[in-house]
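Here's a quick briefing for anyone about to look at charges and salt bridges in this one. Have the structure open while you read.

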There are 6 protein chains.
Amino acid sequence: MNSELQPLPDLLVEPVVRAALAEDLGRAGDVTAALIDADVRLKAEFAARQPGRIAGLVCVRLALAALDPAATLEILVGDGQDAEPGRPIARVDANARALLSAERTALNLLGRLSGVATLTRAYVQAVAGTGAMIVDTRKTTPGLRALEKYAVRCGGGVNHRFGLDDAILIKDNHVAATGGVAEALTRAKAIAGHLTPIEVEVDGLDQLEQALPFAPNVIMLDNFSLGDLVRAVAMTGGRVRLEASGGVTLDTVRAIAETGVDAISVGALTHSAPVLDIGLDA
Amino acid sequence: MNSELQPLPDLLVEPVVRAALAEDLGRAGDVTAALIDADVRLKAEFAARQPGRIAGLVCVRLALAALDPAATLEILVGDGQDAEPGRPIARVDANARALLSAERTALNLLGRLSGVATLTRAYVQAVAGTGAMIVDTRKTTPGLRALEKYAVRCGGGVNHRFGLDDAILIKDNHVAATGGVAEALTRAKAIAGHLTPIEVEVDGLDQLEQALPFAPNVIMLDNFSLGDLVRAVAMTGGRVRLEASGGVTLDTVRAIAETGVDAISVGALTHSAPVLDIGLDA
Amino acid sequence: MNSELQPLPDLLVEPVVRAALAEDLGRAGDVTAALIDADVRLKAEFAARQPGRIAGLVCVRLALAALDPAATLEILVGDGQDAEPGRPIARVDANARALLSAERTALNLLGRLSGVATLTRAYVQAVAGTGAMIVDTRKTTPGLRALEKYAVRCGGGVNHRFGLDDAILIKDNHVAATGGVAEALTRAKAIAGHLTPIEVEVDGLDQLEQALPFAPNVIMLDNFSLGDLVRAVAMTGGRVRLEASGGVTLDTVRAIAETGVDAISVGALTHSAPVLDIGLDA
Amino acid sequence: MNSELQPLPDLLVEPVVRAALAEDLGRAGDVTAALIDADVRLKAEFAARQPGRIAGLVCVRLALAALDPAATLEILVGDGQDAEPGRPIARVDANARALLSAERTALNLLGRLSGVATLTRAYVQAVAGTGAMIVDTRKTTPGLRALEKYAVRCGGGVNHRFGLDDAILIKDNHVAATGGVAEALTRAKAIAGHLTPIEVEVDGLDQLEQALPFAPNVIMLDNFSLGDLVRAVAMTGGRVRLEASGGVTLDTVRAIAETGVDAISVGALTHSAPVLDIGLDA
Amino acid sequence: MNSELQPLPDLLVEPVVRAALAEDLGRAGDVTAALIDADVRLKAEFAARQPGRIAGLVCVRLALAALDPAATLEILVGDGQDAEPGRPIARVDANARALLSAERTALNLLGRLSGVATLTRAYVQAVAGTGAMIVDTRKTTPGLRALEKYAVRCGGGVNHRFGLDDAILIKDNHVAATGGVAEALTRAKAIAGHLTPIEVEVDGLDQLEQALPFAPNVIMLDNFSLGDLVRAVAMTGGRVRLEASGGVTLDTVRAIAETGVDAISVGALTHSAPVLDIGLDA
Amino acid sequence: MNSELQPLPDLLVEPVVRAALAEDLGRAGDVTAALIDADVRLKAEFAARQPGRIAGLVCVRLALAALDPAATLEILVGDGQDAEPGRPIARVDANARALLSAERTALNLLGRLSGVATLTRAYVQAVAGTGAMIVDTRKTTPGLRALEKYAVRCGGGVNHRFGLDDAILIKDNHVAATGGVAEALTRAKAIAGHLTPIEVEVDGLDQLEQALPFAPNVIMLDNFSLGDLVRAVAMTGGRVRLEASGGVTLDTVRAIAETGVDAISVGALTHSAPVLDIGLDA
């Protein structure tokens, strides 16, 4: 476990893991497990087939415990740490039927979350030294938002808002419906609580100029050119945090970071991260 | 809707959609929605930004209906059909607050499932004319298996088993634990019901030879070279269905299909499909 | 526990048991329990009042554990084994309040599942030596399908499909709607995955003749006379598995089995099995 | 609908029906339904194959509505009314796929509940004119208690307590643990609320004598001989309601009723009622 | 723990506590907890800031256990006992992050339930020696009825019915709809089971006179003057239990009790009890 | 409906309402409802018996709809508006059985939420003209946080954070565990996302002085004297929002507001608000 990382409480993860196991076990349980004698035990190792950042070992632990309360899991490369091919991530000792029944669920969660963490790490490394944060979005898998946002943290990224309820985020449609950036921000200020963050999306320097006097917590610069990002940073002068957004890739993120923006949000972290290939070797 | 496609019943989809909306709405609902007057209506179009195969419009319909029962959704490109950039997939007319609150959940599901369908379509097209089926795996997103397997069908693919309970699938660990392919298949035949399918994974031609006399429903050829696949097809002579598996990519799938195997299973269909970029334009 | 029997995972049984306890405890818990001092312990034995096959001890264990985690249950006659009156099935040592509160739930599940196993055993014994399997149906108690199908296995029976999703089963209405047995089977072959079993119900020898060339996994002979069953077995010549179905009773099952069919499905196993009378004696 | 019968609110029945449908639909839905064109409609009739008392049409209505909101159900023989073979109970007009997918769930619930009602009716008719009520027990199917107790009412029976929380029922173990009938009743009176009913089980006339001075709401005469029942009724002189219990059958119930007891509880009503054979004819 | 008090089973309390924790932890868990090192342990005491009756320590125990299974809780002042300011109620030793994350949920439940118990105690003490019971109502917090009714018992009060299903309670609207007190009671007697309690609400002595011959279990005297209460007690002569109801306060309850009624129901016990101020001191 | 008030989506409220109804209906439904003929309709009015601020009519609407989909509810005094005794809040026309069964659940929610709104209004009016916001806390009823925080908004109050996850709030225990206000804030700044609000609780002017250079979003002045509040406001000079907290009452709130703090948090709004007395008059 990375020392600065706050783990998710089992209370939030366990329902996801148990539902995933139940989805796989179906109505009859693992019909192939009966091939193996009931009391056989199995020792095995989880290992990555490719380099990556680990996230989600809590899911592995809870999946095993759900099917074999006596299973032990020794973690060698914790969440937020880097796995290398050929070096085991964790060692498991469990009832063979239970382990084989839990294997796919455990790997589905571990691989997926480690995939998110690994992609996040790539973006974070790409901007290293620039001072820009890599930030996620709400483009997460339905049902797994808490876990995927945790995986982003494991990758060194920073979480944007968790849902529609924990910040006011004024987007183009809200601006259009209220009549302008200034009108929308005026209204937002009026309805926001003393601790409610306000962010506004702007599509150009003119909208940025309208937004700045309201000192929202963050201004999102949507699809700005590199030149406009530089100008935006200069105009803002550190008064408000700036978040660059829109079509960011690993190829473009460094240049964006070097414009001096505070944060860069990347939907792909959660909507398109390929799974990290992790296997269980007996 | 593709005419041969059996849709998922709302009964199975609705809990997923409502849980996804609740995950996004959190404890306070959409705090930004209050910027817009309560009775404003909005017409908008869902449109793909890139070519792809559509899957998941039922999620869009149910997400909208959950927040605005009076919303209407006109579908122009149905599940299992192909979207082109610039041509709308569906037209929506709904309360503005409801539409903006439902937008992200609807797009998260539609984009993800269409991503699966689009990747499946690519594999299916790559093997066109060979007679090989493209088959999915259990490497699905926890909680979304029914939906993602439906998306595979929308892409023209075929579903492998849905869980641990609807077929006996003998893998290497089961073979090891029972003492050999023949022993495992003997035991499987003894415990299988009259309608339970049996599949066995073999890692070489020698294991294939041991398996063939048992006439399981399917034999999975795991990580076979192209040469061995050709030999396996010849040895089998159509007596048992053969499924190639292991590290299949879009670059290799055609050659595999041309060996004459019946099915090719591809984990990436569900574990690493990038989202299809679909947006909502007001 | 019968050595060949694959138990149901606690993960699938626990929600049923806990819901059953909650249904019985209502909003105030067991108001009679307060008559007994809080720390009294009770030793007691579960015993059958009539001969039968046991199924469902996992429910007893989980019901006790839910109300007294320190309760111990020593199983003397396991699931899939035969109980005789006057010989205890299991010994329990538990907090008296907890035991009396859990008693009815435990017995309701144990008696009901053992009733299913006992009736199944009777059918299995009636066809002993014929080679015919006794098979269940989907005529199960809503909410208890996994448990009742497990009880059928405890009784020596074989499970038919678990639901609408794990096999194509073409019944008379499907035949009528598609235009004939051949048309229905043609369509089924086209939509079935490489591992999806196909069964077709036929109502006479002419339909059997139409079905045979399609080599479905199973053909169900619905309400055939004994003479027609014999003819069907001869016509089929072992190419396809045959399942006799319709109005089977303990009086008729042996004769049906002797026709040479592979399987006989009996709805009564789960829809009309009387409870096995089991009591708890302090 | 019998005019005196209070129906169960949909709110309580709907979760049972939807869970039952989901249990049957599994992860892929009805894979056979795809054989039928999506827009075919089907008219059909529910009809009993044997005489019986109907209970549970609400389940049929809700199962159909869940899969086809436009389905119509015309009820000809309502809950609490008597069905005769050859006369339809209800007529349905629905989408063919939806109707065939819902059929088994609807029949499982309707047949089971009508089975309970039919058996209850037999007991009620057997005691006609005696003044004795036929009463159910807590020996119900886990998860279906509310529905099965409703079916008892449809059969003309009377409900005993619904769970451990709505009456103090002192059984032999409670008597043993507290030191005697009088001690147990003293304690019960002390803890009972002003509206909490108290019932005590006695195993002989001597215990009855001890119980009478406490004037509990009901005294249960457990396994009394007919002679002792007569004596008990005489001793009680109408001061307290008397409930006969233990091993009651259709053969013995009339004689028990003629002893003058107020109520006779019969576990078999819910734990061993055979299903009423009801079919759906297209 | 008060020796006569029947505790609520964990099975009923745990879902409430876990839902409350999940409501507080939201999607990311306790983001402030990360300020504290992961392995710091904390000893602390729960103490009341004002005198009161304790109820709900089971919630504290379960909340702690949910976040730290190794936490220990030593109870010094149990449910149903009286707390004094400055004397600890319970001592806890737990992981610091877990304790601080669980603190608010534990206190919300403990304070609220102890508030109900404390207010109940005040009413019970006010009528001490009169023989009148203090009775609660169905005016409870949605979702917490079982817990709040338990808290009433901790305060020395008695529970009225738990819901709409465990007693017939004829109120003014029922009387109006059926045509009179006598008509309503006649109908109630006809539909009630042998163990179903019947209570009727009357609004004056004339209605009381109509109700008495039916000997319901309880008659509720709604908003009677003290004089009418005295007259009602005299008219009834102990034949039926009398419950006074309507606008009862701590100022008026003693005089009401002295009229000789058996029970006094007080909605405020659960709908308006101020929280008992309890804190956690490290 | 107050024009600036964002209503809670039905999606979030419906599960609470349905669970509350199910809690009240129990296992048998409303056994008294059978006294009334099944097709009787009833018109009635909801009216407050005392002046107050209304909140929670959505619960009334959903409770009625759950039991009678054809019920109509005409709202005369909406959420966030003021009710006066004798003037109806809403008119209902519904099936009589359904209305009487839903009445208590509807009133429990409406009365409780209106109680919160009414108490909030009192605090808001007490500080009118000072510029101070009245803010709630996490001292809410488990399971009802979203509803009670909505009621605070109906009363004119402002919501503090919704849970442990949407802001870093450094309390005394966190300060103690990290070694001081400065250390805690340094660590908080390091772990906070770009949009995560930070609040710190200080117990005196010296801690305030340490906190100010970190410019957290809010500083909570815990149990400050009026004099110290004045000094704190002066020291802060508008650079950071100040929230007064601790033992605030209606008697003291005005003086606190006049010190110039930005917000005053009041736990009593949700933990001790007496119910608003609302009745249903037929």
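Predicted model: local features only at pLDDT ≥ 70, side-chain atom pairs only at ≥ 80, totals over all residues.

Chain A has 10 helices and 12 strands, and buried residues account for 64% of its 282 residues. Across all chains, the salt bridge count comes to 114.

**Chain A overall**

- Taken along the principal axes, the C-alpha atoms of chain A fill a box of roughly 70 × 35 × 25 Å.
- If you look at contacts in chain A with a separation of 6 or more, 70% of them are between residues 24 or more positions apart.

**Charges on chain A**

**Salt bridges in chain A**

- Side chains of opposite charge can pair when their charged atoms come close.
- Arg254(A) and Glu258(A) make one such bridge, with their closest N and O atoms 2.9 Å apart.
- Of that pair, Arg254(A) is partly exposed at a relative accessible area of 31%, while Glu258(A) counts as exposed at 53%.
- Elsewhere, a network of salt bridges links Arg41(A), Lys43(A), Asp68(A) and Asp93(A).

**A bridge in chain B**

- Arg61(B) pairs with Asp10(B), and the closest N and O atoms are 3.0 Å apart.
- This one ties together distant parts of the chain: Arg61(B) is in helix 2 (residues 57-67) of chain B and Asp10(B) is in helix 1 (residues 10-25) of chain B, 51 residues apart.
- Both ends are partly exposed, with relative accessible areas of 37% for Arg61(B) and 28% for Asp10(B).

**A bridge in chain D**

- The side chains of Arg231(D) and Asp228(D) meet in a salt bridge at 3.1 Å, N to O.
- These two are three residues apart in helix 8 (residues 226-236) of chain D, so about one helical turn separates them.
- Arg231(D) is partly exposed at 46% relative accessibility, and Asp228(D) is partly exposed at 23%.

Definitions and conventions: Residues numbered from 1 in each chain as written. Chains lettered and ligands numbered in written order. Heavy atoms only, no water. Helix = DSSP H or I, 4+ residues; strand = E, 2+ residues; numbered from the N terminus. Buried < 20%, exposed > 50% of the residue type's maximum accessible area, 1.4 Å probe, protein only. Contact = heavy atoms within 4.5 Å. Salt bridge = Lys/Arg side-chain N within 4 Å of Asp/Glu carboxyl O.
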